[in-house]
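Subject: Structure for your files

Hello,

Here is the structure I said I would pass on. My notes on it follow below.

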Amino acid sequence: MTNFSWKVKKTNKNNKARTGKISTPHGDIETPAFIFCATKAALKSFSTHEAKKNNTQIILSNTYHLMLQPGSELIAQHGGLHKFTGWNGPMLTDSGGFQIFSLGHGSVADEIKGRKTNSKNKKTLINLNEEGALFKSYIDGSTHILSPEKSIEVQRNLGADFILVFDECTPYNVDKIYTSDSMLRSHRWSLRSINAFNSKLNYNPKNGSAGRQEMYGIIQGGIYRDLREESIEFNTKKINTFGIAIGGSLGSNKDEMKDIVHFTSSKLDNTRPVHLLGIGDPRDIWDFVADGIDTFDCVSPTRIARHGSALVKGKQGKINLKNVKYKNNLNPIDNECNCYTCKNFTLAYLYHLFSAQELLGLQLLTNHNIYFMNNLMKEVRSSIDNNDFDNAKKKWLNS
């Protein structure tokens, strides 16, 4: 069985962009790569078989949701998420910490996009303390606590190749004192996560239900550079994980987000792969690859597909197929795209499917957006290997 490894293959001359390879027992990941979200052990409206046909390398699932339904023990009985979902490839699970933030405060996407959170949404977070997060299940109202030890236990049961330390993702609107306290608590949680990961409580050390696993640490610190530096120091000098993820609040707008990611990534070397949590706008990916980010994850490509939006090249980024201007358009989404949807169906047909609320529309648009993201990452990798990153980025954005 293949062991875990990380190798940088080619670096760009003008910035930190690089290609690499992450090897896992369930296959290799050519980086930079995009990780698609199968939050509840499903790529909504799309099978893992179809995802693989569209060149998907790795998917992720959510600890918080799966511990509540169907329960991680049942998934462990299947031999882990790989067999449960029919996915033959690398997988990642987040720790559930992001849900602490979103259940209590709203989502990161709300912050970056300047959206107001819906005050009518019932907050299910009861209490957050050193032990962990006490919350009510959104399914049946039952009370649960998610601690570092519990998060690792659940992630071991889920069996993904890569798992994350337990952390709190703070919102933008909290002050520096809270951000610092939260960061230091997340650091203590990281140590507890690592201790639980190395214990023999449920499986042999570093093994989950599907075999060996490796762990990512998470850099916190919000929008504050000195706190980010402190968290970088902790993650690079005081703990030793396979990879490092950049997490926490990245600001209230895209300029602030780019500044924070650039600052944080500039302090990291190439000894470990770097993951950026929760960011997936194709236009941002070009910028963050240049900062040395190796992998990305986001619900956006599949979520916007279900709402009728198709990803396209250029500064526009996406088009809304529910727009009446596409009603009689006999062209595909993209004449140059080789996905099944673009090769076989017109904009008019897709407009019809969404107008008629036919489920096929969700599947066909999800197909396009998944293919689009994987093709984008392939173009990014090729441009780095061919020393043409800057020109390829300019060409892509001006298409």
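A residue is called buried here if its relative accessible area is under 20%. Please keep in mind that this is a predicted model.

Helix α7 covers residues 148–158, and eight of its eleven residues are buried, so by that cut-off the helix is mostly covered. The buried set consists of P148, S151, I152, V154, Q155, R156, N157 and L158. After α7 comes G159, which has a positive phi, near 80°.

Next, the sheet. Three strands form an open sheet in the order β7-β8-β9, and the pairing is antiparallel. The edge positions are taken by β7 (125–128) and β9 (143–146); each has a single partner strand, so one side of each has no neighbour in the sheet. On average, neighbouring strands here are turned by 20° against each other, direction ignored. Between β7 and β8 (residues 133–136) the antiparallel pairing runs over three bridges. In this pairing N127 is found opposite L134 of β8.

The last item is a single residue. T264 sits in helix α10, which spans residues 254–266. Is T264 buried or exposed? Its relative accessible area is 0%, which is under 20%, so T264 counts as buried. The side chain of T264 reaches the backbone oxygen of I260 at 2.8 Å. Leaving aside residues up to four places away in sequence, T264 touches I219, R228, I232 and I246.

Regards

Terms used:
Residues numbered from 1 in each chain as written. Predicted model: local features only at pLDDT ≥ 70, side-chain atom pairs only at ≥ 80, totals over all residues. Heavy atoms only, no water. Helix = DSSP H or I, 4+ residues; strand = E, 2+ residues; numbered from the N terminus. Buried < 20%, exposed > 50% of the residue type's maximum accessible area, 1.4 Å probe, protein only. Polar contact = N/O pair within 3.5 Å; in protein donor to acceptor, adjacent residues only side chain to side chain. Contact = heavy atoms within 4.5 Å. Pairing = 2+ DSSP bridges. Axes fitted to C-alpha atoms, helices over the stretch in contact; angles between N-to-C directions.
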